[in-house]
Amino acid sequence: MASGDLIVGLEIGTSKICVVVGETRPDGTLKILGVGQAPSRGVRKGEIVDFETAMKCVHEAVVDAEQKSDVMIRSVYVGVAGGHIQGFNNRGCVMLPEDRDEIDDQDVDDVKVNAREVSIPAQNAFLHSIIQHYHVDGQDGVLNPVGMLGQKLEADFHIIHGVRTRIQNTIRCVKELPLEVEDVVFGALASAQVVLTQHQKNLGALVVDIGGGTTDYILYVDGAVKQSGVLAIGGDHITNDISMGLRIPMARAEKLKIDEGGCVLGNCLPGETILLKDDSGFAGKEIERETLNTIIHLRLRETFELLKRTVEEEPFINYVGAGIFITGGCSLLSGIDHLAGEIFEMPAHVTHAQTLAGLTSAVENPQFATAIGLLKYAQAVQIDRPRGGITRIFGRLFNRMR
Amino acid sequence: MIQLSKNYSLPERQEEPIPIKVVGVGSAGSNALDRVLLDGMDKNDLIAVNTDVQSLVSSVAARKVQLGRECTRGLGTGGDPELGYQAAIESADELRQSIAGVRMIFICAGLGGGTGSGAAPIVAQLAREAGSLVIAFATLPFSFEGKRRAAQAQDALARLNEVANAVICFENDRMGDMVAPKAGIHQAFGVADMTISQSVRSIVNLIQRPGLIRIGFDDLFAALRTQNGRCLFGFGESDSDNRAHDALTQALKNPLMDKGRMLSEAAHVLVQVAGGPGMTLSEVEILMRELGKHVRDHTQIVFGTAVDGKMGNRLAVTIISSLASEDSNAPQSTPPIPEPFLAPPPAALEQIEPPPKIDPPSVAAATYGAAGVQPEPEVVPQAERSPDDSIPFEQPQPVAAEAPQPLPMPSIRKPAPRLIPPKKKPVIEKESKPPQEKYVHAKQEMMQFEPITRGRFEKSEPTIVEGQDLDVPTFLRKNIKVK
């Protein structure tokens, strides 16, 4: 049984649903108590398309996690993804009244509200507003302006938003179980919490979480989030390509991708083949490894190139010093780091969640990076918050997430 | 029925192994011997030969020969091949004694140093004079050991090539590829020794294992026939579910194979598949089909298979081949046994003689005798067709005239290098080129009738970026043919 505060992260992925149960200990460390997972159905490209089925799968995963960690799960932090999620930067500004020149908490809150007064599409809702830096009377790089003297307070925020109804679908799916939703967190933001160290965030890093249905990315420069977004391409697309290219069933293609897939060309023996054993409803087949790798390579190359073009729309990628960090289930494909490194022309690493206590074997699987990241995110948020049941309103600000 | 099966298995059981010896020359050689012993060879089959007494004392071999008692006085040669050569000459009698009466001799030596480079060719020569078959396993030094050593090694290799029946040459640089970059240097050397040991073991097994389809010396030499060429060797063993595939993959991964790429240039490939009683025909078929993809159509595959109860669940594949060097090998061909050490080996010859008479399916018949007793269609007609070729080889060999037995050895060896390639090559060119041209002409762009499909994303919201539907497989959109 858990002795400290229980935190549960739930990620409804395209290929699997995973629930990570952790507890925060009094000394501030996070311990993972258990991991539950279930194969996902009714989810395409990170979004729920079949409500009933998806709900059953979430239930399965939650029950699995409860059994493994021996706790009752009442509330969860939910990770969301989907092609509709976007991020952009905005600057908010407040002028202090003439008779006062010391900045207080109220001014900081005001500037946040101000920064959010931007037009996002009507059907969209804010997911996160993440502070980058404050400016006091034009002075750059202020981290905490409270108590400083000045007349004009500005703040740069990175705002992540998505289509309200689609995000609500995810929330509803969890609430029907019934579980309480503590918060909704953008997947890549959660992953970045456990994949990157503070030092790497300061140096500048691009986290790419390639999951089953989507590729989420988030870019840090100077310790602050500068860019984020989602491409609705993921491991499913690779599987689909393999299935169509080699004319084998999807389930076979998925297994083949996981067991044998690689994305480096010219690295296998000439004529090297993989033998697929026959099965009921499937006559055995022999597949050339180079063909398989070519299919995977082409898809991943295209995805990375698209991602590169997307992040290059803004100049921040040039300030990335630590390189690219690839996580998520697809990062297990061999050679993916070489491919990413070649396309982005910077060092690329395949990583997983770092520095946590408890079930370290779960931590080392990049598939769980987002779910574990949710715990870390929740922990960071809870430190700032009085304990107790404040009803959480969807779209609430969490300004300390950096 | 029971009787029949008994009879059937009898000849195999009675077979006695061919006497063999593994000789390690120099300290690299004795390191290799250590490994060979660890891998299950009998101690009594090993002979350590060295100038350095210290190294000799620590060797595991049952028989040890110190070279050059006078000229090196128990010290090493200090990297001087000349000294190694003299030391070997000095101890020639002792060497001759130690290898007397042995049918097959494996010489392991690290070339580049003094003893290995200087003495190994002499040992090979003495062994040939004694009527043995000599297969030399030579390692070439790492390139960082310097050009001088490399040159010495090449010299010695050339001389070994002249005297030995076959030389299998391992380049240490290639061994490095097999070891993880972070592994210690001892591991790199260990891998070299291991590969040598594997080769020795698998060639011994190849010759000795009761074969359903037997591979004999003649086949072995046909595969190793080139002079100064590069020898390709691969060995793999597996007991997994997919053992045929796994064993072959492992064999192709051998550093001497360069991932199987080199196989595509070989003219002869010798393959032996050995397994326990559980080995099935379909496994062998899968394996050979897979191997077929690595070689060209005109490559001659010499195939052998053997069932050995000791193998249990495992299946082992041995692949041996060689690549010709650019310069044609015709002028150098077979090593005539050099004059200075002529010592008629009557004892050895008599030992060899009886088996073919008594028991045709026995070892000798299958090896030496194979060409004569069970004439393979290739060997015999070739020998007839090129009488002028075979004459020069017999002449420098006075021994040959005395006893009938040594004759087949050179004659088997000769026809193999000479006759097969010239016969094959014209055929290749005729056969392979026209179809290629045909293919080029026949190739035609296929028109796509099927509409482009989106597979499992058929019903989900399309991902359209920059005007392209990314749910459609990339290779289809880019029109890249993957099959």
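Of the 402 residues of chain A, 49% count as buried, a label that requires 20 or more other C-beta atoms within 10 Å of a residue's own, with 12 or fewer making a residue exposed, anything in between partly exposed, and the C-beta atoms placed from the backbone. The model is predicted, so local features need pLDDT of at least 70 and side-chain atom pairs count only at pLDDT 80 or more, while totals for chains, interfaces and linings use all residues. Residues are numbered from 1 along each chain as its sequence is written, with chains lettered from A and ligands numbered from 1 in the order in which they are written.

Chain A has 11 helices and 19 strands; these are DSSP runs numbered from the N terminus, H or I with at least four residues for helices and E with at least two for strands. Among the contacts in chain A with a separation of 6 or more, 69% are between residues 24 or more positions apart, a contact being two residues whose C-beta atoms, placed from the backbone, lie within 7 Å.

The largest nonpolar core holds 110 residues. Such a core is a set of buried Ala, Val, Leu, Ile, Met, Phe, Trp, Tyr and Cys residues joined through C-beta atoms within 7 Å. V19(A), V20(A), Y77(A), L206(A), V207(A) and L219(A) have the most contacts inside it. Helix 8 (residues 289-311) of chain A supplies the largest share of this core, eight residues. A second, separate core of 101 residues includes I20(B), L133(B), L232(B) and L287(B). In soluble globular proteins, nonpolar side chains tend to be buried together. Back in chain A, and leaving aside neighbours within four places in sequence, L219(A) touches L206(A), K226(A), Q227(A), S228(A), V311(A), F316(A), I317(A) and V320(A).

Over in chain B, six strands make an open sheet with parallel pairing, in the order 3-2-1-4-5-6; strands pair if DSSP finds at least two bridges between them. Strand 3 (63-66) and strand 6 (166-171) of chain B sit at the edges, each pairing on one side only. On average, neighbouring strands of this sheet are turned by 20 degrees against each other, direction ignored.

Strand 1 of chain B has six of its six residues buried, so it is largely enclosed by the rest of the structure. I20(B), V22(B) and G24(B) point one way from this strand, K21(B), V23(B) and V25(B) the other way, and all are buried. In a regular strand the side chains alternate between the two faces of the sheet. Strand 1 of chain B runs parallel to strand 4 of chain B, with six bridges joining them, and G24(B) has C108(B) as its bridge partner there. Four bridges join strand 1 of chain B to strand 2 of chain B, again in parallel, with L46(B) as the partner of V22(B). Further along, strand 5 (residues 133-140) and strand 6 of chain B pair in the parallel sense over six bridges, and A138(B) is partnered with C169(B).

Helix 6 (residues 115-129) of chain B packs on this sheet, touching strand 1 (20-25), strand 2 (46-50), strand 4 (104-110) and strand 5 of chain B, and its direction makes about 170 degrees with that of strand 4. Axes here are lines fitted to C-alpha atoms, for helices over the stretch in contact, and angles run from 0 to 180 degrees between N-to-C directions.

Helix 2 (residues 26-38) of chain B has 13 residues and should span 18 Å at 1.5 Å a residue, which agrees with the 19 Å between its end C-alpha atoms; the expected span is 1.5 Å times one less than the number of residues. This helix is mostly covered, with 10 of its 13 residues buried, including N31(B), L33(B), R35(B) and V36(B).

Most residues other than glycine have a negative phi, and most peptide bonds are trans. L177(A) and P178(A), however, are joined by a cis peptide bond, with omega about 0 degrees, and P178(A) is in the loop between helix 3 (164-175) and strand 11 (180-186) of chain A. D137(A), which is not a glycine, has a positive phi near 50 degrees; D137(A) lies in the loop between strand 8 (124-136) and strand 9 (139-142) of chain A and is partly exposed, with 14 other C-beta atoms within 10 Å.
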